[in-house]
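The following report describes a single protein chain, from its overall organisation to selected residues.

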Amino acid sequence: SGEDYESFLRRHFFVPAGMARTGTYPLTKQFSPDEIAVGYGPVRIPPLNSPVNWGQASWLVVGSGGMVSTPLDLL
C-alpha cells in the first residue's frame with residue numbers, strides 16, 4: 001500500500017466504520033487522563049501507570065494489536 005501501519009488501518013478500517021477514536025497506542029495522547037480506564041476492582045492502578053504517561057510503543061505492542069478505543073466506537 002505504501003502507507004505506514006497506522007495510516008493503513010485508519011483509512012481502510014476505522015474511517016469507513018466511523019471509528020474516530022480508535023487506533024494504535026499513540027492515539028491515547030489525544031485523550032485526557034480522566035477519559036482513560038486503567039483498571040477496575042479492589043486494587044487501584046496509580047495514575048502514573050495510565051497510557052497517557054507511557055513512552056513510545058514498540059512493535060511488540062503495536063503489531064500484536066496494541067489498540068485503544070472507546071465504548072462508542074466499539075458499539
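## Overall organisation

Along the sequence, the elements of the chain follow the pattern α-β-α-β-α. The chain accordingly has three helices and two strands. The model is a predicted one.

Of the 75 residues of the chain, 27% count as buried. Among contacts in the chain with a separation of 6 or more, 54% are between residues 24 or more positions apart.

Glu6 lies in helix H1, which spans residues 5–14. When residues up to four places away in sequence are not counted, Glu6 touches Gly23 and Thr24. The C-alpha atom of Glu6 is separated by 9.7 Å from that of Tyr25, and these two residues are 19 residues apart along the chain.

A search of the whole structure finds one aromatic pair. Phe8 and Phe13 form this pair, with 6.3 Å from centre to centre and 65 degrees between the planes. The arrangement is edge-to-face, because the angle of 65 degrees is over the 60 degrees that this class requires. Phe8 is partly exposed at 29% relative accessibility, and Phe13 is also partly exposed, with a relative accessible area of 46%.

Gly66 is placed in the loop between helix H2 (59–62) and strand E2. Its relative accessibility of 17% is under 20%, and Gly66 therefore counts as buried. Gly66 and Thr24 are 42 residues apart along the chain, while their C-alpha atoms are separated by 6.0 Å.

Val68 belongs to strand E2 and counts as buried at 18% relative accessibility. Apart from residues up to four places away in sequence, Val68 touches Arg21, Thr22, Gly23, Thr24, Tyr25, Leu27, Thr28 and Phe31. For Val68 and Thr28, which are 40 residues apart along the chain, the C-alpha atoms are separated by 7.0 Å.

A relative accessibility of 15% falls under the 20% limit, so Thr70 counts as buried.

The side chain of Thr70 reaches the backbone nitrogen of Asp73 at 3.2 Å. Setting aside neighbours within four places in sequence, Thr70 is in contact with Arg21, Thr22 and Phe31.

## The largest pocket

The largest pocket holds about 180 Å³ of space. It is lined by 11 residues, and those closest to its centre are Phe31, Glu35, Ile36, Ala37 and Ser69. By class, the lining comprises six nonpolar, three polar and two charged residues.

Conventions. Residues are numbered from 1 along each chain as its sequence is written. This is a predicted model: local features need pLDDT of at least 70, side-chain atom pairs count only at pLDDT 80 or more; totals for chains, interfaces and linings use all residues. Side-chain values use heavy atoms; hydrogens and water are left out. Buried means under 20% relative accessible area, exposed over 50%, partly exposed in between (1.4 Å probe, protein chains only). A polar contact is a pair of N or O atoms within 3.5 Å; within protein, one must be able to donate a hydrogen and the other to accept it, and residues adjacent in sequence count only if both atoms are side-chain atoms. Contact means heavy atoms within 4.5 Å. Rings of Phe, Tyr and Trp (its six-membered ring) pair if their centres lie within 6.5 Å; planes under 30 degrees apart count as stacked, over 60 as edge-to-face and the rest as tilted. On a 1 Å grid over the protein atoms alone, a cavity is a set of points where a 1.4 Å probe fits but cannot get out, and a pocket is an open set with protein on both sides within 12 Å along at least five of seven lines; lining residues have an atom within 4 Å of a point. Grid points are joined across faces, edges and corners, and a volume is the space filled by probe spheres set on the points. Ala, Val, Leu, Ile, Met, Phe, Trp, Tyr, Cys and Pro count as nonpolar, Asp, Glu, Lys and Arg as charged, and the others, Gly among them, as polar. Helices (H or I, at least four residues) and strands (E, at least two) are DSSP runs, numbered from the N terminus.
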